[in-house]
Amino acid sequence: MTSLPLSRRPASAMHWPVLGGAALAVFLAGFLLPGYLEGGYLQSLLNNGLITGILALCVAFIMHQCGFVLFGIAAYYGLAAYACAILVNSFGFSAMAAAAVALLVTLAAAFLVGAIVIRVKPLAFMMICLSLAELMRHFVALPSLRRTTGGSDGLLFMPEGRVFGIDAMDLLDTGQVWPLIWTATWVMAGLFLIVATSHFGVRLRAIKENEERMRFSGFDTYWPRVFAFAGVGLAAGVAGVIQALATGFASPEMFSIITSTNALLAAITGGVSSVVGPVMGGVIYTWAISEFGALGYSQLFTGIAVILVMLFIPKGILHPLRLLGRKGGRA
Amino acid sequence: MIPTLILNALAVSSLYIMMASGLALIFGLRRVMNFGHGAIYMVGAYLGYTIASGMNFWAALVIVPLLMSVLGVLLELAVLRPLERRQQIEVALITFGIGIVIAQIVIRIYGGTPLSVAAPPLLASSVKIFGADYPVYRLFITVVGLCSVVALAVWLNATRTGMFVRAVSHAPDVSSMMGINANRLSLLISMLSTAFAGLAGVLVGPYLSIDPGMDVAMIITCMIVVVIGGTGSIWGAIFAALILGFVQTFGTVYLHEISVLLPYLMLVAILVWRPQGLNFGGGAE
């Protein structure tokens with residue numbers, strides 16, 4: 001599979017129509033998948049894999065465009081899921097309205113957090129984002145909020161109405177929710193790609209390269225990154241809302257460090273400068289974790305994977321290959 | 001009521017101080033945030049359990065920090081030194097992965113149920129302080145914690161090695177030009193840091209319980225302390241640990257369950273006020 005680079009690279013004019021055509025073909029073919037898989041294990045694996053893939057896209061975007069390691073993406077993922085569930089349960093919202101309001105809530109939260117954390121150094125950024133995800137995990141598990149959030153057991157909910165033409169009850173079926181997840185993944189990947197190649201993306205990367213120089217040149221270096229952070233939070237919220245609708249459930253585990261770690265692993269392994277890599281990474285790690293999880297080793301696997309990935313392929317699995325290719329080309 | 005609370009807060013703070021000062025020391029020397037610090041504390045606690053139930057608590061209090069300093073040698077020689085030239089965040093994530101692996105191995109060996117250690121007979125009683133009964137063991141934690149901080153302060157400020165440590169934290173390039181061997185210092189600091197974590201682990205056994213989630217809980221607390229204190233600032237970290245202990249203890253009594261959220265809210269509030277953390281006393285970076 002070819003990786004679509006996030007940063008603009010010289011590509012021949014012939015390249016794009018071919019790539020675009022192939023992408024369109026894959027996108028359309030994806031809708032036929034549930035017919036072949038007929039629900040079952042593989043379908044739910046792919047569903048979860050793409051959800052992790054969207055989270056990985058978020059992590060990759062912030063890493064590539066802003067140079068920050070977003071180690072707490074679970075905060076926005078879980079927040080959106082809980083907001084959606086609470087709006088349905090306690091306020092009687094329809095599925096679509098709950099999803100929309102939940103996304104607004106997540107956007108607002110991510111904006112506020114971004115406004116604070118963008119000012120700190122990268123290492124502190126990582127630790128604060130992680131702490132905020134833990135804050136949310138404790139918050140939803142508070143015993144006195146039990147009637148609203150379901151406490152440590154998580155929150156079951158029964159959405160009603162239609163979501164993009166699909167009955168909300170049908171979304172609980174792994175095959176029926178697939179078109180929603182599949183489309184969302186493509187839309188998110190497409191949006192990230194467009195933003196990355198836009199003027200805004202160029203400005204973000206320029207700030208990453210040298211913030212001081214950008215400030216001296218008269219560019220605002222604070223708000224663009226806050227907006228990027230808020231946008232990424234929103235994207236993670238989309239994953240959270242879909243996951244909540246697909247399972248009818250929001251759990252404190254959505255906020256766990258392991259959720260954030262897996263998204264980070266998928267992003268780094270797939271390569272943060274690509275949009276295909278993180279999604280593929282999400283699917284592969286979800287598969288691997290489910291395999292090791294069956295043996296009771298899922299966390300051990302995550303730990304070992306973090307060590308190996310950071311030791312040997314901190315720039316993604318394609319990077320060493322690219323380097324080899326470049327060396328070969330020069331020789 | 002209030003004196004009891006203050007004493008409780010001091011006991012909690014002592015544990016945090018032992019953990020956070022170790023983290024800040026390594027960060028000062030190596031610019032590495034050891035995300036595996038919580039797991040090392042966990043190993044200390046479980047080893048303490050084994051030795052305390054097999055031999056006795058006092059033996060655990062001596063043996064565990066010694067064993068953990070061996071782990072510190074491993075940390076320095078197998079992780080920090082080979083990865084010296086890697087990016088800060090990469091090394092931080094590697095230590096995080098190592099932490100997960102260590103914690104999982106501990107859980108494999110000891111199982112997932114919480115364990116508890118009995119306080120040694122000498123410390124199991126209680127004394128009357130301001131008219132209220134107070135467990136001697138908690139006083140003991142506070143005394144050990146405070147002694148270790150004082151010892152650390154004296155070592156850093158009054159000895160030659162301590163001066164070298166401060167020099168390397170402050171200006172690594174200049175101090176290496178002046179002939180200070182940063183690698184040797186770093187080995188010493190790693191051992192000290194893991195030994196402190198081990199000591200905190202042993203001490204926590206009879207006070208709170210030992211459970212599989214203790215590593216994550218502690219590393220998150222440590223991170224909050226270190227960020228509030230200003231990354232790499234030892235005195236900032238110690239001061240932040242002290243504040244956090246008080247906020248948590250008083251919060252539990254007066255705000256009940258909301259107190260779980262207090263450390264995080266404190267973190268956010270301080271960062272809005274000062275993005276670089278409290279950061280006094282010459283922090284690194």
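**Two helices in chain B**

Mentor: Happy to! Leu244(B), Val247(B), Gln248(B) and Gly251(B) of H10(B) meet Leu262(B), Pro263(B) and Met266(B) of H11(B); residues are in contact if their C-beta atoms, placed from the backbone, lie within 7 Å. Sorted by class, this contact has five nonpolar, two polar and no charged residues (Ala, Val, Leu, Ile, Met, Phe, Trp, Tyr, Cys and Pro count as nonpolar, Asp, Glu, Lys and Arg as charged, and the others, Gly among them, as polar).

The model is predicted: local features need pLDDT of at least 70 and side-chain atom pairs count only at pLDDT 80 or more, while totals for chains, interfaces and linings use all residues. Residues are numbered from 1 along each chain as its sequence is written, and chains are lettered from A and ligands numbered from 1 in the order in which they are written.

Now the geometry. Helix H10 of chain B covers residues 234-254 and helix H11 of chain B residues 262-273, and they pack at about 135° with their axes 10 Å apart. That angle makes H10(B) oblique to H11(B). The crossing of H10(B) past H11(B) is right-handed.

As for the terms, helices (H or I, at least four residues) and strands (E, at least two) are DSSP runs, numbered from the N terminus. Axes are lines fitted to C-alpha atoms, for helices over the stretch in contact, and angles run from 0 to 180 degrees between N-to-C directions. Under 35 degrees counts as roughly parallel, over 145 as roughly antiparallel, 65 to 115 as roughly perpendicular, and the rest as oblique. A crossing is left-handed if the near helix is turned anticlockwise from the far one by less than a right angle, and right-handed if clockwise.

In residues 254-273 of chain B, the end C-alpha atoms lie 25 Å apart, and the span is 65% helix and 0% strand.

For another pairing, look at chain A: helix H3 (residues 40-66) and helix H8 (residues 174-197) pack at about 15°, with axes 9 Å apart. That makes H3(A) roughly parallel to H8(A), and their crossing is left-handed. The contact of H3(A) with H8(A) has 14 nonpolar, eight polar and no charged residues.
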